[in-house]
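Grab a pencil and have the viewer open.

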Amino acid sequence: MSDQTRDTYEQLALRLAAANRVCVLTGAGVSRESGVPTFREADGLWNKYRPEELANVDAFLRNPELVWEWYSWRRELIGEVSPNPGHYALAEIEQRVPQFTLATQNVDNLHRAAGSVNVVELHGNIMRNKCQKCGVVFKEGDPENEFVFEKGTLPVCACGKKGLLRPDIVWFGEMLPEDAIQQAWEEAGQADVFLSVGTSTVVYPAAALPFTAKQAGAYLVEINPNPTELTPLADLVFSEPSGEALPKVVAKLRELQA
Ligand code: BV8
Ligand code: ZN
């Protein structure tokens, strides 16, 4: 049967079954079906606030209470949501291919909650705090991560530099964690198949990963109900929610690998 007659889910399943290295980039869209708002859509997070007011260090130093209020609200929201079928499908694909890397721009921890193992957090993780001054990043379970925002209270680090604690998140104008972006570049450059899922592909350097993969010869797939800069370059486009498309691909992959 030629590619034209195979449905697109089967086309991607065949590519995944034959792949040695698979790399995925996810954005806020993959968590949308879990009830987590995206950033730039009609009901997105940025509509209430502008990024420059909140997701940058100047905003934090100018008005730490406002930034803490926003992140505490997001943290609470994320504490109440669960992974959706798209997250679980990505975790299952990881088990079914030899080498799999999931680079995520999301800070909501939902990929790990769904069972994904090789997750590269490009923009940090909202459940962790770090010190604005000494840079220490607190680990899961550290009391410094238990801070609950209340008006008039701001968490201070014990480092003696009177550093304010802040979410361990990469803000605009800040470098991404060196090891994370290096690993993502490497995997994108060697991927047989690269999936770009649920991202508007506007925030760099993460948005450069699918383009890098394509240039290096990867079979490029985009899963997004809306077109992006990447769409014209993709070998296969699923213009539908990731929570619907990915489980259909996994169902075909299970048949192929039965
Ligand atoms: C850096 C904080 C360098 C975390 C975020 C001009 C040109 C090019 C670059 C720049 C420029 N000016 C400035 C820059 C650099 C800047 C940048 O790229 N700006 C853009 C906006 C122009 N980048 C940076 O600042 C980065 N750092 O470059 O440092 C440097 C160099 C030297 C010295 C020092 C520094 C830092 C980037 C990280 C910024 N942090 N947020 C937080 O609060 O969560 S960015 C923010 O956008 C989030 O992190 C998010 O992950 C990221 C990307 O957004 P998406 O995830 O794509 O979400 P979005 O809402 O946009 O789109 C959702 C998509 O899902 C949509 O397409 C929708 O159709 C789709 N969708 C919806 N439902 C579904 C779905 N898809 C599938 N299924 C569904 N159901
Ligand atoms: Zn400190």
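**Exercise 1.** Find the protein donors of the zinc ion (ligand 2) and work out why their arrangement counts as tetrahedral.

*Solution.* Keep in mind that this is a predicted model.
- Start with the atoms: the zinc ion (ligand 2) is held by the SG atoms of Cys131, Cys134, Cys157 and Cys159, lying 2.3 Å from it.
- Next, look at the chain: these donors are spaced as C-x2-C-x22-C-x1-C.
- Now take the angles: the four donor atoms subtend 99 to 117° around the zinc ion (ligand 2). Tetrahedral calls for all angles between 85 and 135 degrees, so the site passes.

**Exercise 2.** Say how the protein chain is divided into domains, and how far apart the C-alpha centres of domain 1 and domain 2 lie.

*Solution.* 
- Domain 1 takes in 3-36 + 82-123 + 175-257, while domain 2 covers 44-80 + 128-169.
- As for who touches whom, domain 1 and domain 2 each bring seven residues to the contact.

**Exercise 3.** Describe the interface of domain 1 and domain 2: what area is buried, and how many salt bridges are there?

*Solution.* 
- Area goes down as about 520 Å² buried between the two domains, with 58% of that from carbon and sulfur atoms.
- Then count charges pairing up: there's one salt bridge between domain 1 and domain 2.
- The side of domain 1 that touches domain 2 has two nonpolar, three polar and two charged residues.
- For polar contacts across this interface, the tally is one residue pair.

Notes: Residues numbered from 1 in each chain as written. Chains lettered and ligands numbered in written order. Predicted model: local features only at pLDDT ≥ 70, side-chain atom pairs only at ≥ 80, totals over all residues. Heavy atoms only, no water. Domains from an automatic or database assignment. Contact = heavy atoms within 4.5 Å. Buried area = accessible area lost by both parts, 1.4 Å probe. Salt bridge = Lys/Arg side-chain N within 4 Å of Asp/Glu carboxyl O. Polar contact = N/O pair within 3.5 Å; in protein donor to acceptor, adjacent residues only side chain to side chain. Nonpolar A, V, L, I, M, F, W, Y, C, P; charged D, E, K, R; others polar. Donors = N, O, S within 2.8 Å, 3.2 Å for Na, K, Ca; no water. Tetrahedral: all angles 85-135°; square planar, octahedral: opposite > 155°, others 65-115°.
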